[in-house]
Amino acid sequence: MEACGARGLELARVMLENPKDMTNVHLIYANVPYEDILLKEELDSLVAKYPGRFKVYYVLNQRRFIGI
């Protein structure tokens, strides 16, 4: 298991684009609202391009936090 912040997408892309690397990649993307998911179109296009090898799990928390 690899835990990566912003570099996770680049790491996944390198593995997926290497024809000799058959690693299956699962990316867990946690965010608060759906509207703020960065690079969602790019992530979804990688899922479509590499079905069975790349999966994204979006974990959302729709509650708004108000400072005390």
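User: What is Val25 in contact with, leaving aside neighbours within four places in sequence?

Analyst: Val25 touches Ala12, Met15, Leu16, Arg53, Phe54 and Lys55. Contact means heavy atoms within 4.5 Å. This is a predicted model, in which local features need pLDDT of at least 70 and side-chain atom pairs count only at pLDDT 80 or more, while totals for chains, interfaces and linings use all residues. Residues are numbered from 1 along each chain as its sequence is written, and side-chain values use heavy atoms, with hydrogens and water left out.

User: What makes a set of residues a nonpolar core?

Analyst: Its members are buried Ala, Val, Leu, Ile, Met, Phe, Trp, Tyr and Cys residues, joined through side-chain atoms within 4.5 Å. The largest one here has 13 residues, with Val25, Leu43, Phe54 and Val56 making the most contacts inside it. Two or more residues come from each of helix H1 (7-17), strand E1 (25-31), helix H2 (40-49) and strand E2 (54-60). H1 gives the largest share, four residues. Helices (H or I, at least four residues) and strands (E, at least two) are DSSP runs, numbered from the N terminus.

User: How do you know that E1 and E2 pair?

Analyst: Pairing needs at least two DSSP bridges between two strands. E1 and E2 have seven, so they qualify. They run parallel. Ile28 stands opposite Tyr57 in E2.

User: What makes Arg13 and Glu10 a salt bridge?

Analyst: The rule asks for a side-chain nitrogen of Lys or Arg within 4 Å of a carboxyl oxygen of Asp or Glu. Their N to O distance is 2.8 Å, so the pair passes. Arg13 and Glu10 are three residues apart in H1, about one helical turn.

User: How do you know that Arg13 also forms a salt bridge with Glu42?

Analyst: Their closest N and O atoms are 1.9 Å apart, therefore within the cut-off. This pair links distant parts of the chain: Arg13 in H1 and Glu42 in H2, 29 residues apart.

User: What makes Asp44 and Lys40 a salt bridge?

Analyst: Their side chains meet at 2.4 Å, N to O, so this pair also passes. Asp44 and Lys40 are four residues apart in H2, again about one helical turn. Asp44 is partly exposed at 31%. The count by this rule is three salt bridges.

Notes:
Buried < 20%, exposed > 50% of the residue type's maximum accessible area, 1.4 Å probe, protein only.
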